[in-house]
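Open the model in your viewer and keep the sequence panel beside it. This tour moves from one selection to the next.

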Amino acid sequence: MSNASETIQKRSSYRLPTHRGERIRLAPHQMSPDPKDKDAVRRWLEERPRPWAIDLFCGAGGLSLGLEEEGFSVVAAADADQVATETHAANIHGLTWTGDLSDPSEFIRQLDDWGIEEVDLLAGGPPCQPFSTAGMSKIGDLVRRGDRSPRDERADLWRSFFAIVDRLNPRAMLFENVPNFAQAQGGALLIALLDELKGRGYGAHVEVLEAWRYRVPQHRSRLFVIGIAEEGNFEWPKPIKGRPTVGQVIGDLPVVEAGVRDEVQGYKGPPESVLGRLLRKGLTHPESQLIRDHVTRSVRPDDAEIYKLLKPGGTYMDVPEHLRRYRSDTFSDKYLRLSFEDLSRTITAHIAKDGYWYIHPREDRTLSIREAARIQTFPDRFRFAGQPSNRYRQIGNAVPPLLASAIASAVKDALEDRIPVAGTTGRQPKSVGHLRDNLSRWFGQSKRDFPWRRLRLSPWQILLLEMCLHRTKAEQVARVADKLLSLGETPDSFLSNSRDLAPVLSSLGLHWRSVNLASAAEFVRDRLAGEVPDNWQELTAIPGVGDYIASAVLCFAFGRPSVLMDTNTVRIARRLLGSSDQPNWQLRLALHKLAGPRGADVEWNQALLDLGALVCTARAPKCGECPIRAYCKTGTEMS
DNA sequence: GTCCCGATGA
DNA sequence: TCATCGGGAC
């Protein structure tokens with residue numbers, strides 16, 4: 001008996017019947033005007049206190065709720081998902097619009113209709129699946145197999161932001177996304193966003209915040225970009241003391257079995273924590289006796305057996321061999337039982353698909369909808385529209401309201417100009433221009449001479465060279481450069497002439513690269529019509545091409561300013577800033593800033609690479625010869 | 001709605 | 001090693 005047939009048998013005998021849950025419908029907020037009644041809207045707007053905010057890609061309204069709690073009037077919100085806007089309209093005192101924001105003109109027309117001509121804050125988080133780590137894995141896989149175009153239109157949604165920014169001229173802008181947004185397109189997307197902001201006179205601030213530092217009991221971290229008009233002052237919210245736990249937010253909810261579909265239940269006792277009390281706030285009698293959405297999924301009998309064996313914090317690795325249905329090498333975290341004493345795994349939209357990452361700490365079932373909402377710090381008075389899986393998705397996609405509150409409060413302070421000038425961050429030091437000048441002058445005199453810098457090369461030849469240069473000493477590659485370049489300007493000519501290339505590369509210890517080069521050449525020839533692409537997505541689809549090579553080709557072959565991140569440039573950035581713990585994306589932003597108005601162009605990148613090879617070497621850097629020593633924290637300390 | 005599937009960055 | 005506002009087949 002083979003393993004495969006065994007697995008199939010298990011599947012068929014335990015699969016649960018499909019069960020569609022109740023579709024909850026919610027009436028709009030009592031105080032909101034009828035969106036179709038222009039006069040009512042106009043009268044209502046006159047009464048709405050400042051500051052005003054608009055929430056784009058609002059979803060259920062986690063961000064809106066935080067803004068509202070901190071005193072913003074969320075006068076309008078937009079999202080493509082009708083059920084999410086139904087939730088938003090029911091819970092947030094404001095106008096809601098359902099529609100596609102990839103073309104913002106329709107929403108702008110609606111704003112005109114309502115008479116909303118300017119707001120204080122434009123906020124929102126475009127869909128992040130294209131940027132998230134989990135999404136990248138799947139999308140990358142599909143692109144490589146040719147099942148999907150490498151361009152993901154959703155990645156362009158943030159551009160809609162600026163069409164609306166230009167229409168409303170907000171005093172502040174808030175952009176929320178997954179941390180991986182900082183890596184998207186080799187970091188170029190974030191840099192483009194910041195440049196768009198600066199071009200409009202906003203001071204731009206970027207940070208990745210961990211939700212648990214703001215009372216949200218999850219590992220969730222999110223990237224925020226804040227733009228403040230006229231370079232006004234802004235300070236990130238200070239973390240709140242202590243570490244919240246899952247127990248604090250769901251410990252007081254009544255015990256329910258798996259598969260319980262009762263939409264309305266009674267509380268069993270008082271809240272058991274400060275946080276629990278906060279989440280029950282605002283329940284009005286007689287609603288305060290009732291709890292909504294505490295409904296659970298059914299559990300397969302074989303899963304139930306596994307859940308019983310899992311202790312809090314337990315994962316797939318703790319499941320006995322004979323009960324495992326999945327590969328354990330790649331799915332070590334297939335199951336996770338949460339712990340009352342710890343943070344939860346991030347509540348993502350995935351919770352709408354299955355609950356294996358969200359097994360209740362004590363009960364042998366996955367989280368109820370209300371428990372997921374609680375862990376996202378939605379208060380119990382917040383209701384969700386739609387069928388169960390849709391409600392889970394809305395919750396997973398939301399900005400946790402308490403995190404939203406923290407940010408909202410910081411933005412409000414900035415709008416009211418309550419930040420001391422000394423706290424100013426994110427401004428360019430006055431000396432940046434000189435740093436670039438000094439480096440350019442040094443580069444003019446000391447640059448290294450390589451064959452590829454003297455010749456005019458085709459994009460394919462540049463791609464070929466960069467694939468060889470990556471993680472290799474340039475002098476090494478210089479010895480085979482003539483041979484490489486003689487193979488012709490196209491992948492076609494490369495493939496027909498490269499038979500005797502392998503021994504040459506092998507002699508330099510670069511054997512594996514000849515295989516890589518050949519498969520890259522075949523890919524470009526067969527799948528890209530022989531043309532080296534000029535965009536990041538298609539470049540990185542080429543086998544063997546990662547962030548660095550893609551950025552290098554964009555810069556050196558197509559003249560597109562790109563910050564190159566390799567061991568040399570990263571080392572220089574770390575030494576300049578005098579810090580060892582900054583993540584790569586911050587170093588990239590720092591280098592982008594230091595490159596000055598001309599950007600990280602060919603000269604800048606070559607100069608940095610040469611500086612790293614000749615002066616700012618890994619061991620025994622020659623700080624005495626360094627042209628930018630005056631701007632370097634490490635270099636000045638060493639003197 | 002339910003089940004199964006994996007690459008990526010720090 | 002850890003964690004992931006994920007996705008498609010059925």
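**Stop 1: the domains**

Colour chain A by its three ranges: domain 1 (49–244 + 404–423), domain 2 (246–385) and domain 3 (432–638). These bounds come from an automatic or database domain assignment. This is a predicted model, in which local features need pLDDT of at least 70, side-chain atom pairs count only at pLDDT 80 or more, and totals for chains, interfaces and linings use all residues. Residues are numbered from 1 along each chain as its sequence is written, chains are lettered from A and ligands numbered from 1 in the order in which they are written, and side-chain values use heavy atoms, with hydrogens and water left out.

**Stop 2: where domain 1 meets domain 2**

Select both sides of this interface. Here 20 residues of domain 1 are in contact with 21 residues of domain 2 (contact: heavy atoms within 4.5 Å). About 1700 Å² is buried between domain 1 and domain 2, and carbon and sulfur atoms give 58% of that area. Buried area is the accessible area (1.4 Å probe) that two parts lose on being put together, summed over both. Now pick Asn91, Pro217 and Gln218: in domain 1 they lose the most area to domain 2, together 30% of what that side buries.

Which side chain meets Arg243 in a salt bridge? Show Asp342: the distance is 3.9 Å, N to O. A salt bridge puts a side-chain nitrogen of Lys or Arg within 4 Å of a carboxyl oxygen of Asp or Glu. Across the interface of domain 1 and domain 2, the rule finds two salt bridges.

Next, show helix H3 (62–69) and helix H4 (82–91); each supplies at least two residues of the side of domain 1 that touches domain 2. H4 gives the most to that side, with four residues. Helices here are DSSP runs (H or I, at least four residues), numbered from the N terminus.

**Stop 3: a ring pair**

Go to Tyr316 and Tyr335. Their rings are stacked, 5.5 Å centre to centre, with 15° between the planes. Rings of Phe, Tyr and Trp (its six-membered ring) pair if their centres lie within 6.5 Å, and planes under 30 degrees apart count as stacked. Both residues lie in the loop between helix H11 (301–309) and helix H12 (369–375), so the pair ties together parts that are 19 residues apart in sequence.

**Stop 4: Asp354**

Finish at Asp354, in the loop between H11 and H12. Leaving out residues up to four places away in sequence, Asp354 touches Arg297 and Lys334. The backbone nitrogen of Tyr356 lies 3.5 Å from a polar atom of the Asp354 side chain.

Conventions. Phe/Tyr/Trp six-rings, centres within 6.5 Å; stacked < 30°, edge-to-face > 60°. Polar contact = N/O pair within 3.5 Å; in protein donor to acceptor, adjacent residues only side chain to side chain.
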